[in-house]
Structure formats: structure tokens, C-alpha cells
Amino acid sequence: IELKSGILSILLKTGIVFTQLDLWLGLFYCDGKWKEATVKKEGSLISASMNELREQTLEPRAQKLDVNSPVYIGGIPPEIQNTYKELGLEQGFGGCMKDVKFTRGAVVNLASVSSSAVRVNLDGCLSTDSAVNCRGNDSILVYRGKEQSVYENGLQPFTEYLYRVVALNDGGSVSSEWTSVRTRESVPQNVPTPSRVHSINGYSIEVTWDKPAGVIGVIEKYILKAYEEDGPSVPITSAELADTSMLTGILTGLHPFTNYAVTLTACTLAGCTESLHALNISTPQEAPEDVLPPTAISLPTWLLLSWSPPKTPNGIITQYTLYLNGVPIYSGNGTKYVVKDLAVFTPYQFLLTACTAAGCTNSSQVTLFTAQLPPSHVDAPILTVLDSRTIYVQWKEPVEVNGILDRYIIYIANNEQNFTKWSAIYNSTELFLDYTIQQLFPGTEYLIKLAACTGGGCSMSEASRAVTEESTPEGVPAPKAHSYSSDSFNISWPKPEYPNGIITSYGLYMNGVLMQNSSELNYYAYGLAPWSLHSFRVQACTAKGCALGPLVEARTMEAAPEGTVDVFATVDGSRTVQVKWLAPNKPNGQLTYAVLLTGLFYADQ
């Protein structure tokens, strides 16, 4: 069905039978008033009418018309136009249609039943003011000249105009068919403020508005925008509504307990216009969101709990409720609470509930531990002497750890330092229960104690005692021999550097002969010759054996020489005498000689 150049044409194809019916209307329909058109097929009779005008034709070969596909009104989609090339389809309908009715059923609302409408219920149809523009002989001359194109301005927005061209020469004229053209829309003007805003909940509102007056064109969509009062000029949320027949919309994505300014924007294809003023609304409170679990400062038997307000309170927090292992232990407006009389280093389950007037929300459940303490008691270690330099240490884990066992530390002291200096010989987080202490001193008494540590500190055991096996001494010192007379020595020596056990005796060797074997650390030797050379060496013994120190040599003091000095003089010339002499029988030291001369001496001439 087409309406073109004053003719209402019906093209009907059933099977292989093609029927065409034309109803001449002229341009009377172009007067800005509604016209009622009817098209019927009753058996072989095909008819069309508009107001009082009617035309019909009889086609006996026409088959029954069964409609089992979509019905297109105002045009067909481009993708199927090639299927019906024989129809010679023009561009889509421009204008307004209403009250479409089929043979059976009620009047159809095109906006509600159409599934892919491009434009329905077009706004801006021809008014009575433009009726004179389409009554044939009353048309307005737009251009006269020899050009084949013309640009016309000053037209009304979104208005349908009919144009035809008349070609003239001296012999006469010829006219083209009327061509329909519609100008584009204008941007909407004077978009009203929403008339009513109603809160659905704290996150969405329902907005109602009136249709903008004086919009020239088709309103393609409405846009609702919500701005936070005293906030940035960028909307918090917006919603586009393509169904322009609806004057109510839902705006979501809002925040509870917040003041908003709501505006309406109307859009045509030419652009959009937002209302100058906004309608204010406050969203109601909702239950809080993002409630954080409590945190704690841990003590051995206390937990000092604290919590922050919800990240999104969604209102005024009226009450917090704190649960311990599912049992409420606190309700109020505070953000701190102390839980007492708890077990040491024990897990407890906590959950926090925050409430507004609209409802309550739970945090996630959190496990908090009380603080650690040092172990209650640590048993003394068990010591096993393996040899003269090795002790094997074993111990047991404390019964009451009071936390997470972190490390063991072994401290050692020995009798050589009178057990006053303790050294940590082992410190490890590897929680083994034994350790071998090596490179100890033989024959030495040791005290060893164990410390067990948690995050709360360390506890020390009592000391266990062990003595390494003895060995022969090491570092036996050299003796010191002092002679205070020409016939004796005072000889002394210290203890060995490493006794390696209990020294049972010291032996002093003089000139290779054992002079003394006792526990004494000195010896007096006498009856010696003056300035006589002697060797000394100390021997130290334990039950495991003896060891000798280094050899030293010393002399007794000197004494006066004993005996006579025999002198022999020989005259070698008138001025020379050669003197010789023999040493005393007992020099008793290192001798020096003095030659004394008496008599007449001659000076050198």
C-alpha cells in the first residue's frame, strides 16, 4: 500500500496473480487534518477508501490471503527490499498514523506491539498553517532561473514540504511529480523539571515528568540524571529511556541517605536539552555495607577490640553488636571493647553487626588470638659425654608452650671461668630435640641449660652438669729458673694452658734427671758450681698420661775466681816486653784480665 502523488495504490500478489488498485485522491488529504483510510480484500473483491472516496476491483484468480509473517507499516527493512523488487518500493512513510485496526481485534497501539519500530507516533506532523503549501495551484514559487538546483532556507524544523519542478520554454511547460521532503528536527526547548520524584529504596527512585511542550521533531529518548547536592557537576548516575511514550522512569545506582538533585533531559536527532532546574530528593537509609570485622591488641588473657565505622554506612549507625563465638557480648554505639579472662594464645571467633534504622549487616567472621607467653616450665637437658671433647644434649618439648614454639637456645659455662660466663652455643628455629656440642676441653666440668622461646618470650631450665673425659695435658709451660746465688736456682712454673683433667703431679727434670715429682709448682736447686750451665723441663700428668713442656737453659751466678794467675814476661827489644799468663784453676765466671805495669817508661821520641 502506497500513498504517492495524490494516488493511494494497492499492490497485491497472491501466488502468481498480481493485482493493482489505484484510488485517486488529489491533494485534499494534505490539509493538516486526520484522514481515515480503509483497505479490504473480501474473496475476489479488493477495495480501498479514504473518507467519501472509494475504489474497487474484482480479481477472480486472487487466492486466499493468509498472513503468517511480520507486518511492516511505513516501510520495510533494507535487508529484505531486494526480495520484493517488483513492488517498486519508495522511501518509508513520513507523517503520523494512529488507531490502526485489523479486521479482527481491537485498535492496535503501534508503540506497544511493534518489535522493531524506527519511529512510531511521529510528532510534528503537518499543521493547518502549512495546508496552503500542498493544494496544487496555491504552491509558492521557490526559484526561477536556469540552474538545476536550488538551496532553500528559512524553513520550519521537522516540517514536511512538497516540491515539484516546472520546465518552461516559449512552446509551453511540463511539470514533475510532487516530491515530499521533511526538514530535520530542532533541539528541544524548555524541557520541564521532573514533576514528581519518589524513592523506591535507598538505591533507586521513580521519576515522573510531563511531556515537553513545543518540541519540534521526534523525541528519541529521555535521560534522567541525578547529582549530589553540593557535589561535583558530574551526575552520579543517569538512565536513558528509549520508550518516549512513557513519562515515568526508574533511576538506579544511587547511594542511600544522600541528597540528590534530579533533572530531565529530552533528546531529538538534533541534540539534547536538560531542564534548567532540578527536583530535590533524599534517599532513605538502608542497611550498612562493607562492615569491617574488629581488630585487636592482644594480651595473654585480654583482647582490646576496636572497629571502624562501615565504609558505606548508608545512614546513621544506631548500634553495634559484637559476637564472641556466636554469642553477643556487647551492644552499643562504642567502637572499643575489652574481653577479659581468656586463655593464653587461644583462637576466638568474632563478628560485628552494624545497624541503621533500615536494618543490620554483619561483617565477615575473624579469628583473633590472645598473646603468647613464655613456656610455663622447661625441663633441664639430659647430657651424655661422648668423649673428651664432645657432649650430646637431649631435651623434651615443654608441656605448656603458651604459644607457638619459636626456637631453642643452649647456654654453656665451665669451671675454668668459675661458671660466671654463660655463652649461647646453640640458637635455632629448627625445633630439633637434640644437639651435639663439640670442640670442648677435656677433663672440664660444664654446666648446660636450655631455653625454649615463643613469641611471648623465653623460659630457662635448670642447669645440668657434665665433665668431659680427661686427656693428657696440653700447653705445658716452660719453667722459669732464677739464680740469686752462685750455687743455686729458684725454679717455678704455671699450670698447663689446657690441663685436660685434674693434674695429679708435676715433674721437674734438671739436666735430664727427674729432680722432683709432686703437686708443687716450684723447686729449689742448690750445691751447684758458680756459672754452671743447666737445662730444665716440666712434666704435667693427669690420670690419662703425662706431657713435657719445652726445654730451657740457665746458668748460676758468677763467683770470684779460685787459684793463681801465672805471668810470663819476655823482652823483645829495647822498648818491647811480651807478657803471657795462665788462667786460674777455677774461673767461676766469665774472666776479664788487667795487665799492670810498673817501672821507667820512655816517651816516644
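Helices (H or I, at least four residues) and strands (E, at least two) are DSSP runs numbered from the N terminus. The span of residues 287–376 is likewise 0% helix and 47% strand, while its end C-alpha atoms lie 48 Å apart.

The model is predicted, so local features need pLDDT of at least 70 and side-chain atom pairs count only at pLDDT 80 or more, whereas totals for chains, interfaces and linings use all residues. Residues are numbered from 1 along each chain as its sequence is written, and side-chain values use heavy atoms, with hydrogens and water left out.

In an unreviewed entry, UniProt places the feature "domain: Fibronectin type-III" at residues 191–286, 287–376, 377–475 and 476–562; such annotations may be inferred rather than shown by experiment.

## How exposed the residues are

| Residue | Relative accessible area | Class |
|---|---|---|
| Thr 19 | 7% | buried |
| Glu 59 | 12% | buried |
| Phe 257 | 44% | partly exposed |
| Ser 428 | 15% | buried |
| Gln 439 | 73% | exposed |
| Glu 562 | 41% | partly exposed |

## Thr 19 and Glu 59

Thr 19 lies in strand 3, which covers residues 17–24, whereas Glu 59 is found in the loop between strand 6 (53–58) and helix 1 (110–113). If residues up to four places away in sequence are not counted, Thr 19 touches Ile 10, Leu 11, Leu 12, Ile 46, Thr 57 and Glu 59, where contact means heavy atoms within 4.5 Å. With its neighbours within four places in sequence left aside, Glu 59 is in contact with Val 17, Thr 19 and Ser 44. From C-alpha to C-alpha, Glu 59 and Ser 47 are 11 Å apart in space, and 12 residues separate them in sequence.

Ser 428 has its place in strand 30 (residues 423–428), and its side chain reaches the backbone nitrogen of Glu 430 at 3.0 Å. Not counting residues up to four places away in sequence, Ser 428 touches Asp 406, Arg 407 and Tyr 408.

Glu 562 lies in the loop between strand 42 (552–555) and strand 43 (567–571). Once neighbours within four places in sequence are left aside, Glu 562 is in contact with Pro 584, Asn 585, Lys 586 and Asn 588. A polar contact of 3.4 Å joins the side chains of Glu 562 and Asn 588; the term stands for a pair of N or O atoms within 3.5 Å, of which, within protein, one must be able to donate a hydrogen and the other to accept it, and residues adjacent in sequence count only if both atoms are side-chain atoms. Glu 562 and Ser 376, which are 186 residues apart in sequence, have C-alpha atoms 85 Å apart in space.

## Two positive phi angles

Most residues other than glycine have a negative phi. Phe 257, although not a glycine, has a positive phi of about 55 degrees, and its place is in the loop between strand 15 (248–251) and strand 16 (259–268). Gln 439, also not a glycine, has a positive phi of about 60 degrees, and Gln 439 is found in the loop between strand 31 (434–437) and strand 32 (445–454).

Conventions: Buried means under 20% relative accessible area, exposed over 50%, partly exposed in between (1.4 Å probe, protein chains only).
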